[in-house]
Structure formats: C-alpha cells, structure tokens
Amino acid sequence: MAGVKNRTVITSTDDKSLTWQVTYYSFAEAFLTGLQKGETVGRAFKYAKKFIEDNPKSFSRQTPWLDANSDGISSDDDFFIAEKQYLINPKILD
Ligand SMILES: [Ca+2]
C-alpha cells in the first residue's frame, strides 16, 4: 500500500503479529470509541494502541499499525499527520 497519496491506513496489528479480540474489547472497539468522542485519528489510534500494549495478557504481542504518509512504514511521522485528521467533525458533537 506504499505510494498511494493522501491515504491513511490503520490496522489492528502489523504483519508480524496476530490480532486478538477478547470479550467486549478489541483494538477496533477502543479506536472507534475515541473517534466517536471527536478525537483525531492520531489520538484515537494512540489510545487504542496503548490499551492493547498495556494488556499483553489479553492481546499478546499484537502491534497496531498506522501509515499516514504512504511510505509503507508505521512511525511517529504518521502519528503527527494523523493528529490533524478527523473522521467526525468535533464541532457537531457540541
Ligand atoms: Ca509511514
């Protein structure tokens, strides 16, 4: 997926680890909850990723992945771009 301009790719894990869904919770659940609260894509991702990483007993080595600059690599650069992206306009939540 590298090389496609103006596209942000988010996955619940990378190509080296499995994804896990425990009863009532998953990366997607945490990520979408953040978006529904009006968080940026970057913050919602960061929150969901931290939740996964803070619970290794449930999610093992699952590693959420984000690429927002189309280089095919997940890094801090992507987070800074995703920090400016919204799925839901926060103004409509007021
Ligand atoms: Ca990237």
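I count a residue as buried if 20 or more other C-beta atoms lie within 10 Å of its own, as exposed if 12 or fewer do, and as partly exposed in between. I applied that cut-off to Glu53 to begin with. Glu53 has 13 C-beta neighbours inside 10 Å, so I logged this residue as partly exposed. The model is predicted.

**Entry: Glu53**

I placed Glu53 in helix H2, which covers residues 41–53.

**Entry: overall fold**

I listed the elements of the protein chain and found four helices and two strands. Their order along the sequence is β-α-α-α-β-α.

Of its 94 residues, 28% count as buried. For contacts, I considered residues at least 6 apart in sequence. Of those contacts, 61% join residues at least 24 apart.

**Entry: the largest nonpolar core**

Which residues touch the most other members of the largest nonpolar core? I found Phe31, Ala44, Phe45, Ala48, Ile52, Leu66 and Ala82, in a core of 14 residues. I then sorted the core by element. Helix H1 (27–36), H2 and strand E2 (65–67) each give two or more residues to this core. H2 gives the most, with six residues.

Setting aside neighbours within four places in sequence, Ala44 is in contact with Phe31, Gly34, Leu35 and Glu39.

**Entry: H1 against H2**

Two packed helices are described by the angle between their axes and the distance between the axes. I looked up both for this pair. H1 and H2 pack at an angle of about 145 degrees, and their axes are 8 Å apart. The crossing of H1 past H2 is right-handed.

I listed the residues that meet. H1 brings Phe27, Ala30, Phe31, Gly34 and Leu35. H2 brings Arg43, Ala44, Phe45, Tyr47, Ala48, Phe51 and Ile52. By class, I have 10 nonpolar residues, one polar and one charged in this contact.

**Entry: Leu35**

Leu35 came up in the H1 list, and I checked that it lies in helix H1. Is Leu35 buried or partly exposed? It has 18 other C-beta atoms within 10 Å, so I logged Leu35 as partly exposed. Beyond neighbours within four places in sequence, Leu35 is in contact with Ala44, Leu87 and Ile88. I also looked up Leu35 against Asp71. They are 36 residues apart in sequence and 24 Å apart in space, C-alpha to C-alpha.

**Entry: two serines with positive phi**

I looked for positive phi in residues other than glycine. Ser60 has a phi near 50 degrees. Ser60 sits in the loop between helix H3 (56–59) and E2. I counted 14 other C-beta atoms within 10 Å of Ser60, so it is partly exposed.

Ser70 also has a positive phi, of about 60 degrees, although it is not a glycine. Its place is in the loop between E2 and helix H4 (76–82). With 17 other C-beta atoms within 10 Å, Ser70 is partly exposed.

What does Ser70 touch, not counting residues up to four places away in sequence? I found Ala2, Gly3, Val4, Lys5 and Arg7. I looked up one pair from that list. Ser70 and Lys5 are 65 residues apart along the chain, yet their C-alpha atoms are separated by 6.1 Å.

I then turned to Ala2, in the segment before strand E1 (9–11). Ala2 has 10 C-beta neighbours inside 10 Å, so I logged it as exposed. Leaving aside neighbours within four places in sequence, Ala2 is in contact with Ser70, Asp71 and Gly72.

Key:
Residues are numbered from 1 along each chain as its sequence is written. This is a predicted model: local features need pLDDT of at least 70, side-chain atom pairs count only at pLDDT 80 or more; totals for chains, interfaces and linings use all residues. Two residues are in contact if their C-beta atoms, placed from the backbone, lie within 7 Å. A nonpolar core is a set of buried Ala, Val, Leu, Ile, Met, Phe, Trp, Tyr and Cys residues joined through C-beta atoms within 7 Å. Axes are lines fitted to C-alpha atoms, for helices over the stretch in contact, and angles run from 0 to 180 degrees between N-to-C directions. A crossing is left-handed if the near helix is turned anticlockwise from the far one by less than a right angle, and right-handed if clockwise. Ala, Val, Leu, Ile, Met, Phe, Trp, Tyr, Cys and Pro count as nonpolar, Asp, Glu, Lys and Arg as charged, and the others, Gly among them, as polar.
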